[in-house]
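Dear colleague,

Please find below the structure that I am handing over to you. My findings follow it, grouped by region.

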Amino acid sequence: MTKITRRDFLKTSLASAMLAVTAGAARYATAAAPQKRWFKGNLHMHSQWSDGNAMPEFQINWYKTNGYNFVCPSDHNTFQSSDLRFQSFGSKPKITREISKAFDGETSLWKPVNGDQVTNKLTMEFVKEAQDLFGESSVQIREVGGMTFVRMKTFDELAAQFDEADSFLMVPGYEQTGGVRDKRAVHMNFIGVRKTFPYLKDYDDPIKVMRDTYDKARDVFADTPYLFTADHPMWRYYDWNPSALIQNSDVRIVELSNNGIHADFKQHPDGWTPEFFWDVVNAWRASHDLPLLFAMGSDDRHNYATPAKAWTKVRADRLEWNAILAAINEGDMYTSNGLDFEEIRFDGKTLEVKIDVQDDAKYRIEFYGTKKDYDPTMKTFDVEAVEGVSPKRTVERYSDQIGVLLEKVDGVDASYTLRQDDLYVRAKIVREDDEAHNWRSKPAAWTQPYAR
């Protein structure tokens, strides 16, 4: 019989105790780990802080009372800080010394009602919308120098008014408005930030605008966890092509839904659609072992009398920005304009989805992807300027082997296992009577793309 010393006994006992404590802690951690759930959000919208027609409190209230959990009031080139100002995006009133002196000690943006040189007119109709909701005294109004000024609430004031733990979260940020010399627009959102930098201009190439803006942001926001999104590539009229996100592979998010062409122009019959644009970029990235491009739903809301275009559902364990941002960066989200997923699972090989059924309609699940032997050739065609129809553009054209229908299933749950010749797969859910069969499908929802 081996004799055990007191020292060995204590060491053995301590090790056993530590194992027991560790095992117990693991069981407790597993039991206490918060369960992930879906949060509905919109990270692109506008108010009277820039060129939206609604007062900011009316805007935020609309989202909170319509089932959203998080929003970013992403006004153009500005953060809703407490700095005193009179000019905003498209609004440049003439401020006299009398007016300036009258606002000594005041904070925030004071915007003139129907002021001179105002592109997006602030009318008393929009002021009254806010007053009807929150009381006449809720909006500060001042008459100075023959002009009527209305004070816009700051981000912090709005957050104090609307934030609600585990229910509603406001996220700071703004839309960076830039472009090139021929008036093509390149817009990008910075979400999670509280400061801005001047937009980059005097470029000939949208690809370079996006590259330099992305790089500049890494310096300006170095100490801030933020999200960079590439906005509405179709607006105003095919203003930037898929090659912009092929050559800027660091960009991980593009807007799928918010892609209206300017009302003065007509969509070209041979032009790409946003859903095809998305597949073009992902076919290239997947075939070159680059990070896939995720899609986000947003409505870029300016007019609050119209329905929301789309939104994003993010799966996170809590309603805090860091948790939401982490989920977005992992692609744990989907785009919707009316339908919902109950479950999305990918195990590295098989994508499984289940629809969150809300009515007795018949549904279809479609799986899209691109094969490894697809034709990657890119050609271009020129669209000559026609007044009232289209500005001059060079539009990229790609093979119809990209973004093909791999499989479709009638029903509310289905799965697709990646074949050896698949680059990636993504799922889309629609009603069986859907006639659009593209990004205009409504109601519909889209998962992110998945690859091995």
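**Strand pairing and selected residues**

Strand 15 pairs with strand 20 (residues 413-417) through 5 bridges, and the sense of the pairing is antiparallel. Within this pairing, Glu352 has Ser415 in strand 20 as its bridge partner. Please bear in mind throughout that the model is a predicted one.

Strand 15 (residues 350-355) is also joined to strand 14 (residues 341-346), again by 5 bridges and with the strands running antiparallel. One of the bridges here links Phe341 to Ile355 in strand 15. Strands 14 and 15 make up a hairpin in which 3 residues separate the strands. In its turn, Gly348 adopts a positive phi of about 100 degrees.

An open sheet is formed by 3 strands in the order 3-5-4, with antiparallel pairing. Its edges are strand 3 (110-112) and strand 4 (141-144), each of which pairs on one side only. On average, and with direction ignored, neighbouring strands of the sheet are turned by 35 degrees against each other.

Strand 3 is connected to strand 5 (residues 147-151) by 3 bridges, and the two run antiparallel. Along this pairing, Trp110 has Arg151 in strand 5 as its bridge partner, while Pro112 stands opposite Phe149. Strand 4 is joined to strand 5 by 4 bridges, also antiparallel, and Val144 has Met147 as its partner in strand 5. Strand 4 and strand 5 form a hairpin with 2 residues between the strands, where Gly145 takes a positive phi near 55 degrees.

**Aromatic rings and charges over them**

The count of aromatic pairs comes to 28. One aromatic cluster is made up of Tyr174, Phe190, Phe197, Tyr214, Phe221, Tyr226 and Phe228.

Two cases of a charged residue over a ring face may also be of interest to you. Lys40 lies over the face of Trp311, at 4.1 Å from the ring centre. Arg252 lies over the face of Phe294, in this case at 4.6 Å from the ring centre.

Asn61 belongs to helix 2 (residues 56-64). With a relative accessible area of 16%, Asn61 falls under the 20% limit and therefore counts as buried. Leaving aside residues up to four places away in sequence, Asn61 touches Leu133, Phe134 and Phe162.

**The loop between strands 21 and 22**

Ser441 is located in the loop between strand 21 (422-431) and strand 22 (444-446). Lys442 is found in the loop between these strands as well.

Are Ser441 and Lys442 buried or exposed? Ser441 counts as buried, because its relative accessibility is 0%. Lys442, by contrast, is exposed, with a relative accessible area of 53%.

The side chain of Ser441 takes part in a polar contact of 3.0 Å with the side chain of Asp434. A polar atom of the Ser441 side chain also lies 3.4 Å from the backbone nitrogen of His437. Not counting residues up to four places away in sequence, Ser441 touches Asn337, Lys428, Val430, Asp434, Ala436 and Trp446.

With the corresponding sequence neighbours left out, Lys442 touches Ala308, Lys309, Asn337 and Asp434. Finally, Lys442 and Lys201 are separated by 241 residues in sequence, and their C-alpha atoms are 37 Å apart in space.

Yours sincerely

How values were computed
Residues numbered from 1 in each chain as written. Predicted model: local features only at pLDDT ≥ 70, side-chain atom pairs only at ≥ 80, totals over all residues. Heavy atoms only, no water. Pairing = 2+ DSSP bridges. Axes fitted to C-alpha atoms, helices over the stretch in contact; angles between N-to-C directions. Phe/Tyr/Trp six-rings, centres within 6.5 Å; stacked < 30°, edge-to-face > 60°. Lys NZ or Arg CZ within 6 Å of the ring centre and 35° of its normal. Buried < 20%, exposed > 50% of the residue type's maximum accessible area, 1.4 Å probe, protein only. Contact = heavy atoms within 4.5 Å. Polar contact = N/O pair within 3.5 Å; in protein donor to acceptor, adjacent residues only side chain to side chain.
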